[in-house]
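Here are some short notes to read beside the structure. Keep the view open and follow the points in order.

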Amino acid sequence: MNSSTPGIEPELHARRAASFGAKAAAYAAHRPDYPEKALAWGLAGANRPPERVLDLGAGTGKVSEGLVALGVTVTAVEPDAQMLEELAKALPSVTPLIGTAERIPLADESVDAVVIGQAFHWFDLDLAYPEIARVLRPGGVVAALWNHDDESTGWLAEFNSLIKSSMSRRWLSDYESLPEHEAFEPFEKETFDHKQPRTAESLVETIATHSHLLVAPEAERAAKLRAAREFLDRNPETASGEFDLPLTTTVFRTRRRS
Ligand SMILES: C[S@@+](CC[C@H](N)C(=O)[O-])C[C@H]1O[C@@H](n2cnc3c(N)ncnc32)[C@H](O)[C@@H]1O
């Protein structure tokens, strides 16, 4: 959020927001999906069941995939051509469009829901809120989701503080709510347990797709990934074979006022 995210400089914000395409295939392979119940809770915020759904900041299609499984018609909007290419390869039933939250390439009131996975914090809300309100029909729902590590698992808190880089900043889903806008009702929030099967090797692949490490100087990135692997190799819970990475999915939802 250029205009309202505290603690991140505009230049770093822009670099991190645009960093994912360079590792699009790794992103598709190693980032977690979203629990069906979290997506369903988001959609249930609409005044009637959504049929036409926009996945905004769609990346390689993690949200789109879950939406397709729920039986809705999905349009994916994403600024990065390499990310969108991965999505189009994996999900032929989804309509892929290049665009941004600040300039959505859709007609007025053309969708019943806008779902945003791990991308809302990149939007310039002064422009994105009016754009989302324009493409969403009255009574339609906006649902913003984040997957984040459940740090009540001791080793994970230690691991995350170890991999913080000079490019790390505060994480938006710590917030109790999201900034309000006159076009939308107050946000509701819910959290869902989630997990991702990982090995020491594949968890290192996952963190290598985090934007702070994508934009970190090469020597720092390499040192962090090495330290991560060494930690996982000596930590009893992760040293051998597959383990479940404990995640929490946080969902904020709001309805467009009539
Ligand atoms: C962390 S990825 C999330 C991708 C996908 N939604 C997911 O849940 O896996 C963030 C995505 O937001 C996109 N993005 C960055 N700035 C954006 C903007 N202003 N409008 C729309 N998407 C944006 C990036 O290109 C990237 O694909």
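1. Leaving aside its neighbours within four places in sequence, which residues is aspartate 55 in contact with? The model is predicted, so treat the answer as a computed one. The contacts are Val63, Ser64, Leu67, Val74, Thr75, Ala76, Val77 and Val115.

2. Now place aspartate 55 in the fold. This residue belongs to strand E1, which runs over residues 52-56.

3. Next comes charge. Aspartate 55 is buried, yet no salt bridge is found for it. Lysine 62 has the nearest side chain of opposite charge, and that is 11 Å away.

4. What does the side chain of aspartate 55 make with the side chain of serine 64? They form a polar contact, at 2.7 Å. Serine 64 is also among the contacts listed for aspartate 55 in point 1.

5. An unreviewed UniProt entry carries the annotation "domain: Methyltransferase type" for residues 54-143. In the model, the end C-alpha atoms of that span lie 10 Å apart. The span is 32% helix and 31% strand.

6. One oxygen atom of the ligand is 2.8 Å from an N or O atom in the side chain of tyrosine 27. For the side chain of glutamate 78, an oxygen atom of the ligand is 2.6 Å from an N or O atom. With glutamate 102, the ligand atom is a nitrogen, 2.9 Å from an N or O atom of the side chain.

Note on methods. Residues numbered from 1 in each chain as written. Predicted model: local features only at pLDDT ≥ 70, side-chain atom pairs only at ≥ 80, totals over all residues. Heavy atoms only, no water. Helix = DSSP H or I, 4+ residues; strand = E, 2+ residues; numbered from the N terminus. Buried < 20%, exposed > 50% of the residue type's maximum accessible area, 1.4 Å probe, protein only. Lys, Arg positive; Asp, Glu negative; His and termini not counted. Salt bridge = Lys/Arg side-chain N within 4 Å of Asp/Glu carboxyl O. Polar contact = N/O pair within 3.5 Å; in protein donor to acceptor, adjacent residues only side chain to side chain. Contact = heavy atoms within 4.5 Å. UniProt positions renumbered as here; feature names shortened; annotations may be inferred.
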